[in-house]
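Thanks for making time this morning.

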Amino acid sequence: MRFIDLFAGLGGFHIALGSLGHTCVFASEIDPILRELYKKNFNISPAGDIRYISAKDVPAHDIFCAGFPCQPFSKAGDQQGTECPRWGDLFEDHALRIIKAHKPKYVLLENVPNLGRHNNGNTWKQMQLSLLNCGYEVDAQILSPHNCGIPQIRERMFIVGSRTGLSKFKWPDRNTEPCSIKSVLDRSPKDAKPLSAQVVKCLEVWQDFLNRSPHSEELPSFPIWTMEFGASYPFEDITPFALGERVLKKFKGSHGIKLSNVARKMRFDYLPSYARAEELIFPDWKIQFIRQNRAFYQKHKKWIKPWLPKILEFPPSLQKFEWNCKGEIRDIWRFIIQFRASGVRIKRPTTAPSLIAMTSTQVPIIAWERRYMTPRECGRLQSIDSLGYLPEAPTKAYKALGNAVNAEVVSRIAVSLCGLGNKSMHENITFTNKRVSMISQL
């Protein structure tokens, strides 16, 4: 069958459907660097911004594929949804415009999980209604690569639509076998970026924290926010914003600094960034985390207090810590690490953290080799390592990979939704099993 690939990026949809024998007849991508790479990888020149492309210039097709921009719906963004002036109109005004004009047999879409919850679920209800009015039966499911045996936890909302109904469609079976990040790693790759001296030092400080903590007790399952160690500003019934700068002088800010010693206009600067929000009451989750961290400090002040000055030389994001390895040996250098705005995350080496449109500092760290994952290794996490070309600049490669759709997940959905193109069922099963087998091996 013929398919089109909108918001194409690195071509995850193309790899998936092409591997099943279907033929891409049109692609669109706004980024000029990714357009050039798409041409080199697939011998197709994508059109640019879909907003300026007439539906009559899009060839007839059987399968409509689109991983439309997720920023308006992501929890990490401002969640403007369809009101987002930059991206909010891309589905309702432009994707649907092409669907209505060509009436493809199938629709296959991908976005962030929060799309289903955005605006109390009303955004997704409107999308369903729009597709229903275009003649499609629609279904959606949250899937992650690790559900397909690929060692990455990255949940995405996949949406399928069919003009002939979905009675025969079945979502992919979920993998129950353990994964290992080692299945996608090269051994000490020469092009891997090593950890900087500051990163190593920061991790050594957190290792010292683990060494000092009582091994007779479990480490906290909640994020450790060191800025709450010694803080006393109010957070349960009123916020610092509601209280005002003048009254704040009675309290202590981040890491116990006395706000009475700080100029009135600067007192908010000495609060944790999450405590400066212009709101009268904090959400329950924030109140809970602050309460837990202050209680943890009071209980363990004896060993935390001499350790605390060591963490102060690092940026605020590195002063937060998440230990996601409950019951494991407390050795940071055995695990997968990721630096995020939410803190330093330590994970078991079973799966990689979710690839995002990340900066180079957010790339997963292979701690036992003291290096970052390479773009090629991240490509395997997205099942697009067959690409001949990635962006030359590592920062652009990581960003593109973080925005990519996982080709293996799409492939499994597409087999059930659209069937095969010019490949036999035997060839496709061999292809899919070979990829899963390679990924699952340690």
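At the start of helix H11, a side-chain oxygen of asparagine 406 comes to within 3.1 Å of the backbone nitrogen of glutamate 408, where a polar contact is a pair of N or O atoms within 3.5 Å, one able to donate a hydrogen and the other to accept it, and residues adjacent in sequence count only if both atoms are side-chain atoms. This is a predicted model, in which local features need pLDDT of at least 70 and side-chain atom pairs count only at pLDDT 80 or more, while totals for chains, interfaces and linings use all residues. Residues are numbered from 1 along each chain as its sequence is written, and side-chain values use heavy atoms, with hydrogens and water left out.

H11 covers residues 407-418, and nine of its twelve residues are buried, meaning under 20% relative accessible area with a 1.4 Å probe, protein chains only. Among them are Val409, Val410, Ile413 and Leu417. Just after H11, glycine 419 adopts a positive phi of about 75°.

Stepping back, the chain holds twelve helices and twelve strands, which are DSSP runs numbered from the N terminus, helices being H or I with at least four residues and strands E with at least two. Of the 442 residues in the chain, 53% are buried.

As for the cysteines, a search of the whole structure finds zero disulfides, a disulfide being a pair of cysteine sulfur atoms within 2.5 Å. For cysteine 179, the nearest cysteine sulfur, that of cysteine 148, is 9.7 Å away.

Notes:
Buried means under 20% relative accessible area, exposed over 50%, partly exposed in between (1.4 Å probe, protein chains only).
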